[in-house]
Amino acid sequence: MANYHCDLGRQRHRFDDLKAVMACASPRRSGDELAGIAADSDERRVAARMVLADLPLKSFLNEALVAYETDEVTRLIIDSHDAAAFRPVAHMTVGQFRDWLLSYEADTATLAALAPGLTPEMVAAVSKLMRNHDLVCVAAKCSVVTRFRTTVGLPGRLSSRLQPNHPTDDPTGIAASTLDGLLYGIGDAVIGINPATDNVPACIALLEMLDAVRTRFDIPVQSCVLAHVTTTIQAIERGAPVDLVFQSIAGTEKANRGFGVTLSLLAEAQEAARALKRGTIGDNVMYFETGQGSALSADAHFGVDQQTVETRAYAVARAFDPLLVNTVVGFIGPEYLFDAKQITRAGLEDHMCAKLLGVPMGCDVCYTNHAEADQDDMDVLMTMLATAGVNFLIAVPGADDVMLNYQSLSYHDVLGLRHLLKRPPAPEFEAWLDKAGWLDEQRRLPPWPDRSLVVSALLGSAA
Amino acid sequence: MPGSKDNPKDNLKDPWARFRSATRARIALGRSGDALPTKALLEFQLAHARARDAVHSAVDIDRLAADLAPLETIRVHSAAPDRPTYLRRPDLGRKLAADNAARLPAGEWDILFVVADGLSAAAVQVNAAPLVHACVARLGHLRIGPVVLAEQARVALGDEVAAALGARLVVLLVGERPGLSAAESLGAYLTWDPKPGRADSERNCISNIHADGLSIATAADKLCWLATEAARRKLTGVALKEDAPSLNGPDNQNNNQNNGRIGHDQ
């Protein structure tokens, strides 16, 4: 039994192992309480943080939280660790690492060089010692840039996924939401549909429709139908126009098996999509979604707190050079993130942890109707994430996803953030908006009346 | 003013007209600067308020029992004592409260209906009794057990209830997590040989049962077809679904829940 403990007055707080330190150091979270691993008092929570602050960073290389022998994600993390990249921080404790990350010394180039030397557990640990504002400031110094037909993640820009879901995959309904979103300049990260029906012919029909819209208007975007990876591989085999391969992933081998995926299957998918050579300026062909609670939901968390397991999913993501990754932070439900306070914190943690690991992180700023949250809370999270340099945000018409039955951001929200914070979309997409004559003299995208040439050109020719 | 929506001539020329009829999505809302116009803002808040009310209000069990008459009913409660606990502890919503098993006399039933409040009291109040009656009318030749009304309950609670009562097949009706455009949506889960520990892959689901979705009559037809096939093949779940191409139609979109999203616990 390792001796993790902290003496506070007359009370000695003992922790059985590193997993327990990590779980107790986490901010209060319904998912960790559901799992029975959360600190049972606020004092114990801080005691765990004090233990964590004094731990050497390299402890996480010596004590695996999920067994190396039985988990391919742990093997990926340990076997791909870059000791040379780690060297500048190898002597630090977790607490010293926090101080250093916030220092001027840790600039964009330094953090990019460090990323291969960091493991998810180190990053999760340091995030537990940070306030929300620390999470914003450190993330803002990270830059992870990816390319396919657009360049996503450049400093000073804010990209977006256009999510035109429809409860029956109706082509006209999907076209309606897509065209509406384009009028707000949404879609430069991806136009991505969650299909109501996951089968190969339905997936191909949607892919062909999106590709037709893209080529008709000559828009520099990439499209994606977020079917299971095996469905997309079959669509590729049948000659469908697949830009990006999507998959939900998690932080343990068992949780990934629950999603029906392994690392080798993801590698196969990446190879198949790259072979199509559809990217014009880059070959980042993968798109992943993650979310705190998914491992616990699959009974595959092995006693590790949900934020740390989530961060392990980013190690899976970065192994496949994705164009896009996003956390679906408020989607999974109040049994994992109970209210707006927990959702906000988790969104900022997920973003910073991914960025430190070199993962191109975006976010679905969202909530379900049984969580204690509303659009006011999403305003706070979206503004903090945009300030933190989030790679992209998801948006749907009027913030209401009529297929998945939850609330995300609206097209209005993302456009408003861009104008407020002076963060235009990806340069290729911005050039397209400019060439089409949609921008005003201040390079804003103004509201175009229904009877303007802009609207009639877009709607009239989309029969 | 020119282009005003109030002018009927211009309504005829609304470029969004054919799109609006194809989707309930909140398209073409207009803009106040970069923000939502006041009307759209308040409409959204009303829809969200109704959805939250659906989650947090309680089913009127007496009224539901009256609506189900002359069918016999038995009332049970899950191990989750109240709504806040129910939302945080899905495990408790899947088990009966300690003293409740005694209310369930062992028998021999071909089919048992369990009505669980789930995440929408409104869905259960409006749609559960008509659906049960419609199914009973179609399944008159079977031994149908008393209808069990379960409070603070999730899908898997039906397994424990049905095992205690001695049913070969359980149909659990549950209020689905409300969206902004559908706060009264009912789901139906069929489980053959129900007992605690059944996996979700061993169930069949009919979703989206409400006035603007799957009608009571259509839902009852689908449900009874599945129930009959389940009894014939002695199974439910993935294997049964594959043989039912007629169930993959557009009005049954949620039958296949693999839409790329990390899932919810029902």
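1. Basis. In this predicted model, local features need pLDDT of at least 70 and side-chain atom pairs count only at pLDDT 80 or more, while totals for chains, interfaces and linings use all residues. Residues are numbered from 1 along each chain as its sequence is written, chains are lettered from A and ligands numbered from 1 in the order in which they are written, and side-chain values use heavy atoms, with hydrogens and water left out.

2. Sheet. Chain B has an open, mixed sheet of 6 strands, ordered 1-3-2-4-5-6. Strands are DSSP runs of E, at least two residues, and helices runs of H or I, at least four, numbered from the N terminus; two strands pair if DSSP finds at least two bridges between them. Strand 1 (73-77) and strand 6 (203-209) of chain B are at the edges with a single partner each, so one side of each lacks a neighbour in the sheet.

3. Strand 1. Strand 1 of chain B runs parallel to strand 3 (residues 147-151) of chain B, joined by 5 bridges. B:Thr73 is opposite B:Val147.

4. Aromatic pair. A:Tyr184 and A:Tyr411 form a tilted pair, 5.7 Å centre to centre with 40° between the planes. Rings of Phe, Tyr and Trp (its six-membered ring) pair if their centres lie within 6.5 Å; planes under 30 degrees apart are stacked, over 60 edge-to-face, the rest tilted. The two residues are 227 residues apart. A:Tyr184 is buried at 5% relative accessible area, and A:Tyr411 is buried at 1% (buried is under 20%, exposed over 50%, partly exposed in between; 1.4 Å probe, protein chains only).
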